[in-house]
Amino acid sequence: MTQPSPTILLVEDDPNLRLALRDSLEHQGGYAVEEAASVREAREHLSRRAFQLILLDVMLPDGDGYSLCRALREEGVTSPVLMLTARTLEDDVVRGFEAGAQDYLGKPYRLRELLARVGALVRRAGGGAPSKLVRFGGYKLDLDRRKVESLEGAVVELTRTEFDLLAFLVRERERVLRRDDILDAVWGRDVVVDPHTVDNFVSSLKKKLGWNSASRFAIQTVRGVGYRMEIESP
């Protein structure tokens with residue numbers, strides 16, 4: 001089985017910017033992203049797990065990124081921190097590094113530069129670059145070319161939404177995913193879609209991937225909740 005994607009905690013209080021950043025990090029970078037809109041929410045996430053990178057806005061509704069970063073370092077949290085802020089005076093940048101940040105990027109920023117810096121910090125932290133070619137259950141999922149093939153090279157024709165759904169299920173394999181979480185990740189949080197639409201797309205995916213009882217993967221229905229992708233080890 002492929003290694004799980006490197007994890008990023010995105011701490012940003014602007015909901016539109018946070019959504020756009022998460023989408024870019026997940027779909028263009030291949031990372032697994034969790035979101036926080038405040039210092040309190042960031043601490044809740046950090047109390048549950050370690051992250052391979054923290055993307056940290058400086059101005060937050062209940063505190064500031066400098067203080068949070070300094071406190072995390074004092075508490076022994078070693079995850080790299082990349083600060084994102086409109087405050088780019090030299091004193092602000094120096095203050096960020098003195099607080100324990102590894103990098104500092106001013107807003108507005110170029111997306112390609114952000115992804116490059118994120119990749120460099122994740123690799124430095126030992127997370128490696130996220131794989132853009134994922135093998136699962138007799139298939140190859142090419143995230144760069146948005147292409148699915150059997151191991152023998154037969155192309156599976158998927159719509160854009162079907163591909164995004166498959167990529168999400170594979171990335172979050174072995175986790176129980178609620179229909180609402182799938183809708184948010186694949187269709188978008190601002191799009192109103194009947195939750196049962198997910199069922200129709202899962203059925204279509206199974207058909208196009210030729211799923212049967214002998215397949216080395218399964219999209220299991222979790223009654224009353226949603227779905228879980230199960231993949232046999234190679």
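Guide: The dialogue below moves from the chain as a whole to single residues.

Guide: This is a predicted model, in which local features need pLDDT of at least 70, side-chain atom pairs count only at pLDDT 80 or more, and totals for chains, interfaces and linings use all residues. Residues are numbered from 1 along each chain as its sequence is written, and side-chain values use heavy atoms, with hydrogens and water left out.

Visitor: How many helices and strands are there in the protein chain?

Guide: Helices (H or I, at least four residues) and strands (E, at least two) are DSSP runs, numbered from the N terminus. The protein chain has eight helices and 14 strands.

Visitor: What is the radius of gyration of the protein chain?

Guide: The radius of gyration is taken over C-alpha atoms, and the globule rule is 2.2 Å times the number of residues to the power 0.38. For 234 residues a compact globule would have a value near 17 Å, and the 19 Å of the protein chain agrees with this. Along its principal axes the C-alpha trace spans about 60 × 35 × 30 Å.

Visitor: What share of the residues is buried?

Guide: Buried means under 20% relative accessible area, exposed over 50%, and partly exposed in between (1.4 Å probe, protein chains only). In the protein chain, buried residues make up 47% of the 234 residues.

Visitor: Which residues of helix α7 are buried, and against what do they pack?

Guide: An α-helix has 3.6 residues a turn, so residues three or four places apart point the same way. In helix α7 (residues 179-186), the buried residues are Arg 179, Ile 182, Leu 183, Ala 185 and Val 186. The buried residues of α7 pack against α1, α6, β12 (177-178), α8 (197-208) and β14 (226-231). After α7 comes Gly 188, whose phi is positive, near 105°.

Visitor: What does Ile 182 touch?

Guide: Contact means heavy atoms within 4.5 Å. Ile 182, in helix α7, is buried, with a relative accessible area of 0%. Not counting residues up to four places away in sequence, Ile 182 touches Leu 165, Phe 168, Leu 177, Trp 187, Val 198 and Tyr 227. The C-alpha atoms of Ile 182 and Arg 228 are separated by 11 Å, although these residues are 46 residues apart along the chain.

Visitor: Is Glu 162 buried or exposed, and with which residues is it in contact?

Guide: Glu 162, found in helix α6 (residues 160-171), is buried, with a relative accessible area of 5%. Leaving aside neighbours within four places in sequence, Glu 162 is in contact with Glu 157, Phe 201, Ser 204, Leu 205 and Lys 208.

Visitor: How many salt bridges does the count come to?

Guide: Side chains of opposite charge can pair when their charged atoms come close. A salt bridge is a side-chain nitrogen of Lys or Arg within 4 Å of a carboxyl oxygen of Asp or Glu. By this rule the count comes to 21 salt bridges. One of them joins Arg 18 and Glu 35, with the closest N and O atoms 2.8 Å apart. Arg 18 lies in helix α1 (residues 15-27) and Glu 35 in strand β2 (residues 32-36), so this pair ties together parts that are 17 residues apart in sequence. Both Arg 18 and Glu 35 are buried.

Visitor: Where may I look for a salt bridge with an exposed partner?

Guide: Glu 113 forms a salt bridge with Arg 110, the closest N and O atoms being 3.2 Å apart. Arg 110 is exposed, with a relative accessible area of 60%, whereas Glu 113 is partly exposed at 22%. Another salt bridge is formed by the side chains of Arg 228 and Glu 230 (2.8 Å, N to O). Arg 228 is partly exposed, with a relative accessible area of 23%, and Glu 230 is partly exposed at 25%. Salt bridges that share partners also join Arg 18, Arg 22, Glu 26 and Glu 35 into one network.

Visitor: Which peptide bond is cis, and which residues other than glycine have a positive phi?

Guide: Most residues other than glycine have a negative phi, and most peptide bonds are trans. Here the peptide bond from Lys 107 to Pro 108 is cis, with omega near -5°. Pro 108 lies in the loop between β7 (103-106) and α5 (111-124). Arg 146 has a positive phi of about 50° and lies in the loop between β9 (139-142) and β10 (147-150). Glu 174 also has a positive phi, near 75°, and its place is in the loop between α6 and β12.
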